[in-house]
Structures are given as structure tokens and as C-alpha cells.
Amino acid sequence: MATITFHSMADSAYLWTAMQAADEKGVDYELVPLELGSPEHLALNPFGKMPVLQHGDVVLYETLAITHYIDRAFAGPSLQPADPLGQAEVLRWISIVNAYVFPTMNRFMKERLVRPAWGFPSDEAFLAGAQAPLGLQMRLIGEAVADGRYLAGPEFTLADSFLFPHLLFFGRTPEGAALLARTPAAADWLARMQSRPSYAKSPMSQSFEMFQHIAVPTMMLWEPE
């Protein structure tokens with residue numbers, strides 16, 4: 001029996017963040033699939049989000065709480081700095097990902113690639129309006145990870161696991177690929193994240209491999225500024 005259980009849809013980006021934290025910590029887990037919005041789902045998380053962690057009698061939702069619990073409840077390498085400023089940097093970057101990166105990068109990828117693949121129209125106004133915020137986010141990411149650093153300092157932390165799925169899949173869009181080419185420090189960080197054993201072990205790697213089969217537009221909507 002696995003030490004912890006994740007309740008989630010298998011393709012949740014935040015599930016991949018939580019799984020990577022567990023893999024980096026060395027905690028074994030199992031996945032129990034959930035149907036989005038089902039009574040079972042809402043009983044675990046009344047907001048209908050994923051994933052939910054279960055460890056014995058402990059049931060947690062919200063990925064920040066889940067990953068913090070994994071880091072503090074189990075032995076293994078620390079995934080957060082010990083000093084107050086280092087901890088603040090981790091929380092700052094997780095907040096940036098949750099509040100700004102996820103709503104733009106994740107949605108941009110879905111509007112640009114996933115919706116057309118399923119025969120649905122894209123929100124062209126959103127795609128056009130995302131240029132400036134995505135450019136800002138990529139600049140800040142590049143500055144943070146310059147010289148081989150990670151988001152919150154010289155070592156891997158939970159903050160990196162929060163950004164990783166979003167930038168990985170966003171990079172498949174023509175605009176994301178162009179922004180990565182313009183931000184070599186971010187591209188290097190992404191390559192280093194993909195080389196970690198926790199990525200090779202994660203279902204995220206398998207999903208990303210399958211994602212390569214989705215058609216990618218040849219024309220860009222806008223050029224990086």
C-alpha cells in the first residue's frame with residue numbers, strides 16, 4: 001500500500017506538481033482517479049479542484065498545502081529553504097505562478113493547441129491580449145533562473161515544481177517556443193527540470209510525450225517583444 005494517495009484526474013497540472021514534490025522527497029504514492037465535479041470529488045474538495053492528498057486520516061486540498069505537508073511530514077531532502085527570506089522567495093514564486101502564470105500560460109496553451117485539436121474555436125481576444133503578460137512573466141522567470149539558478153535560489157524548491165508543468169506545455173506553442181528562444185536562461189532551466197529523475201518517473205513525462213502528437217500551428221499570432 002502506498003504511503004499517500006492522490007485523488008485527481010490524471011492530467012491535472014497541479015497533480016503533476018504534487019507528484020513531483022513527492023518524488024523529490026522520496027515518498028511513494030498512488031493515484032485514485034476522480035470524476036470532475038462528482039459527489040465523491042466535492043466531498044473531498046468543496047471547490048471542485050484537484051488534487052486532494054490523503055495520508056491516513058489526513059485529507060488536504062490546495063496544492064500549496066499539499067506540497068508543504070509532503071515536505072514537512074516526511075524524511076528526505078528539504079524542498080524549502082530554512083531561512084525566512086528563502087522561504088518567502090518560495091512562497092512569492094508559488095503565488096506568482098498561481099495568480100499570474102497559470103491563468104495565462106495554461107489557458108494560452110489550451111486555447112492555442114487543445115481547443116483546436118478538439119474542434120472548438122479559440123478565444124482570439126484572449127490569445128492576442130496574452131502577449132504582454134506572457135512577455136513579462138518570461139522576463140521575470142529568466143532573470144530568476146539566470147546563471148544556472150532555480151526560481152528561489154541555487155537549489156531546487158517547491159516553487160520550481162509549481163512552474164514546471166505550465167512552462168513545459170506552453171513551450172509547445174509557437175509563441176511559447178519563441179519566448180523560450182528569446183529567454184535562454186528559462187530554456188536552460190526547463191531542460192534541467194526535464195533531466196531530473198522526478199520528471200522521468202512522473203506521469204507528466206508520459207503526457208508530454210503524447211502531447212507531441214497535437215498539431216502545432218506554423219504561423220505565430222504575434223512576435224515576442
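Begin by selecting Asp71, which is buried, with a relative accessible area of 4%. The model on screen is a predicted one, and Asp71 belongs to its helix α3. Show the side chain of Asp71 together with the backbone of Leu79, and a polar atom of that side chain will be found 2.9 Å from the backbone nitrogen of Leu79. If neighbours within four places in sequence are set aside, the residues in contact with Asp71 are Lys25, Pro77, Ser78, Leu79 and Gln80.

Next, select Ile4, which is part of strand β1, residues 4-8. Is Ile4 buried or exposed? Ile4 counts as buried, because its relative accessibility is 0% and the limit for that class is under 20%. Once residues up to four places away in sequence are left out, Ile4 still touches Ala22, Val27, Asp28, Tyr29, Glu30, Leu53, Gln54, His55, Ile70 and Phe74.

From here, turn to the charged pairs; the structure holds eleven salt bridges. Select Arg196 and Glu24, which form one of these, with 2.7 Å between the closest N and O atoms. This pair brings together distant parts of the chain, since Arg196 sits in the loop between α9 (184-194) and α10 (197-201) while Glu24 is in helix α1, 172 residues apart. Arg196 and Glu24 are both buried.

Then move to Asp123 and Arg107, whose salt bridge has its closest N and O atoms 2.8 Å apart. Here too distant parts of the chain are linked, although the two residues are 16 apart: Asp123 lies in the loop between α4 and α5 (124-129), and Arg107 lies in helix α4. Asp123 is partly exposed, at a relative accessible area of 29%, and Arg107, at 33% relative accessibility, is also classed as partly exposed.

Why are Arg115 and Glu111 separated by about one helical turn? The reason is that they are four residues apart in helix α4. Arg115 has a relative accessible area of 32% and is therefore partly exposed, whereas Glu111, at 8%, counts as buried. Select Arg107, Glu111, Arg115 and Asp123 together, and they can be viewed as one network joined by salt bridges that share partners.

The last stop is the largest pocket, which has a volume of about 980 Å³. Which residues lie nearest the centre of the largest pocket? They are Asp11, Ser12, Ala13, Asn106 and Lys110, out of a lining of 32 residues. The elements that each supply two or more residues to this lining are α1 (13-25), α3 (63-73), α4 (84-117), α7 (158-170) and α11 (203-211). Colour α4 separately, as α4 gives the most to the lining of the largest pocket, with eight residues. Colouring the lining by residue class instead will show 20 nonpolar, eight polar and four charged residues.

Note on methods:
Residues numbered from 1 in each chain as written. Predicted model: local features only at pLDDT ≥ 70, side-chain atom pairs only at ≥ 80, totals over all residues. Heavy atoms only, no water. 1 Å grid on protein atoms, 1.4 Å probe; cavity = no way out; pocket = protein on both sides within 12 Å on 5 of 7 lines; lining within 4 Å. Points joined across faces, edges and corners; volume = space filled by probe spheres on them. Nonpolar A, V, L, I, M, F, W, Y, C, P; charged D, E, K, R; others polar. Salt bridge = Lys/Arg side-chain N within 4 Å of Asp/Glu carboxyl O. Buried < 20%, exposed > 50% of the residue type's maximum accessible area, 1.4 Å probe, protein only. Contact = heavy atoms within 4.5 Å. Polar contact = N/O pair within 3.5 Å; in protein donor to acceptor, adjacent residues only side chain to side chain.
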